[in-house]
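Please read this report alongside the sequence and the coordinates.

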Amino acid sequence: MDHSRTGRKLAMTQSTKSPEEIKVGFIGTGVMGKSMAGHIQRAGYPLHVYTRTAAKAEALVKEGAVWHGTPAELAAACDVIITMVGYPKDVEEIYLGEGGLVAHAKSGSTLIDMTTSSPLLAARIAEAAEAKGLHALDAPVSGGDIGARDGRLSIMVGGDAQAFETVRPIFEQMGTNIVLQGKPGAGQHTKMCNQIAIASGMLGVCEALAYAKTSGLDAENVLKSIATGAAGSWSLSNLGPRMIAGDYEPGFYVKHFIKDMGIALESAQAMGMNTPGLALAESLYQEISKNGLDEKGTQVLYTYYLQA
């Protein structure tokens with residue numbers, strides 16, 4: 001049986017359906033996932049959810065989402081399944097384990113991993129999915145908790161173009177900058193580019209604001225001058241005020257950023273690349289992690305400079 005041809009036909013049929021006819025499963029309703037799933041639900045898609053901590057999905061269930069006790073149960077009930085979990089090991093288990101999505105999803109279903117994960121793992125998942133008549137897209141995001149809340153995430157996608165176009169309306173509920181980057185794994189490679197840029201940029205933001213404070217300047221006034229000039233960045237505008245206010249609650253956890261930088265370092269090394277800025281940022285975040293700050297937001301790196 002030609003699984004890929006059957007899958008394409010089913011995907012094309014699915015693309016002609018209204019939101020009310022497409023059951024969407026969402027696994028991982030944490031800081032970002034709960035907002036992303038909420039946008040899909042409010043757009044009219046029947047939402048099915050699974051998360052290890054049931055309480056994190058309570059608000060969605062109260063609004064009509066269907067709870068499932070395992071990923072396998074959710075997969076069997078849905079046409080499109082989205083995952084937003086923590087680590088590559090979680091992704092591998094959810095997709096490729098005996099009770100995972102690839103083993104239990106209906107033929108023609110589309111599997112979308114929006115976790116920041118390994119490009120090599122994304123390619124493995126896509127290959128396994130195709131063998132079962134499924135579509136798999138890697139679609140990591142950027143924009144943090146604010147972007148997730150406002151439905152303005154940047155979504156970087158790797159995988160089949162037809163499958164991408166089929167689920168584009170669902171992506172559009174969560175993001176405004178949605179780009180197909182290439183073959184399976186390309187979305188994850190693009191996210192590594194994003195994290196590398198952020199890693200070095202965070203050093204600059206923290207150093208600049210720590211310098212402002214140490215020199216006796218009003219840091220909020222400094223932001224007014226530099227945030228809209230050549231030094232401007234998303235991190236400076238959105239995380240800078242949190243640093244100044246002493247607000248280190250997570251939009252994006254330190255522990256997850258360390259994970260991302262580790263993947264980027266491994267990927268770069270595999271390609272024979274030297275990434276000194278990334279290596280320095282990773283080492284500083286590892287240092288604050290040892291001080292018990294894993295559960296704080298990435299902006300907590302600012303405290304390292306104040307104590308230096």
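## Basis

The structure is a predicted model.

## Helix H5 and its two faces

Helix H5 spans residues 88–96, and its buried residues are Pro88, Asp90, Val91, Ile94 and Tyr95. These residues lie on the same side of H5, because the arc they cover around the axis is only 155 degrees. The face turned away from that buried side carries Lys89 and Glu93, which are exposed.

Several elements take part in covering the buried residues of H5. Among the strands are E1 (24–27), E4 (80–83) and E5 (110–113). Helices H6 (101–104), H7 (119–131) and H14 (254–270) are also included in the cover.

## Salt bridges

How many salt bridges does the model contain? The count comes to eleven. As a general point, side chains of opposite charge can pair when their charged atoms come close.

The partners fall into opposite classes of accessibility. Lys89 has 58% relative accessibility and is therefore exposed, the cut-off being over 50%. Asp90 has 7% and is therefore buried, the cut-off being under 20%. Both residues belong to a network of salt bridges that links Arg52, Lys89, Asp90 and Glu93.

A further salt bridge joins Asp145 and Arg242, where the closest N and O atoms are 3.4 Å apart. This pair links distant parts of the chain, with Asp145 in helix H8 (residues 144–150) and Arg242 in helix H13 (residues 240–245), 97 residues apart. Arg242 counts as buried, at 15% relative accessibility. Lys259 and Asp260 also form a salt bridge, with a distance of 2.8 Å between the closest N and O atoms. Both Asp260 and Lys259 are buried.

## Cysteines

The number of disulfides in the structure is zero. Cys78 is buried, at 0% relative accessibility. Cys193 is exposed, with a relative accessible area of 53%.

## The cavity

A search of the whole structure returns one cavity of 30 Å³ or more. The volume of the largest cavity is about 70 Å³. Its lining is made up of Tyr95, Leu111, Asp113, Ala122, Ile125, Ala126, Ala136, Leu137 and Asp138. E5, H7 and strand E6 (135–138) are the elements that give two or more residues to this lining.

## Buried loop positions

Thr51 is placed in the loop between strand E2 (47–50) and helix H3 (58–62). Thr51 is buried, with a relative accessible area of 9%. Which residues does Thr51 contact, leaving aside its neighbours within four places in sequence? The contacts are Gly28, Thr29, Lys56, Ala57 and Trp67.

Gly86 occupies the loop between E4 and H5 and counts as buried at 13% relative accessibility. Leaving aside neighbours within four places in sequence, Gly86 is in contact with Thr115, His256 and Lys259. For Gly86 and Lys259, the separation is 173 residues in sequence and 8.9 Å in space, C-alpha to C-alpha. Lys259 is the residue that forms the 2.8 Å salt bridge with Asp260.

Val141 lies in strand E7 (residues 141–142) and is buried, with a relative accessible area of 4%. Not counting residues up to four places away in sequence, Val141 touches Met32, Met36, Met84, Met114, Leu153, Ser154, Ile155, Met156 and Lys191. Val141 and Gly175 are 34 residues apart in sequence, with their C-alpha atoms 8.6 Å apart in space.

Gln286 is found in helix H15 (residues 276–289). Is Gln286 buried, exposed or partly exposed? With a relative accessible area of 29%, Gln286 is partly exposed. Gln286 and Ile258 are 28 residues apart in sequence, and the distance in space is 7.1 Å, C-alpha to C-alpha.

Definitions and conventions:
Residues numbered from 1 in each chain as written. Predicted model: local features only at pLDDT ≥ 70, side-chain atom pairs only at ≥ 80, totals over all residues. Heavy atoms only, no water. Buried < 20%, exposed > 50% of the residue type's maximum accessible area, 1.4 Å probe, protein only. Helix = DSSP H or I, 4+ residues; strand = E, 2+ residues; numbered from the N terminus. Arc of directions from axis to C-beta. Contact = heavy atoms within 4.5 Å. Disulfide = S-S within 2.5 Å. Salt bridge = Lys/Arg side-chain N within 4 Å of Asp/Glu carboxyl O. 1 Å grid on protein atoms, 1.4 Å probe; cavity = no way out; pocket = protein on both sides within 12 Å on 5 of 7 lines; lining within 4 Å. Points joined across faces, edges and corners; volume = space filled by probe spheres on them.
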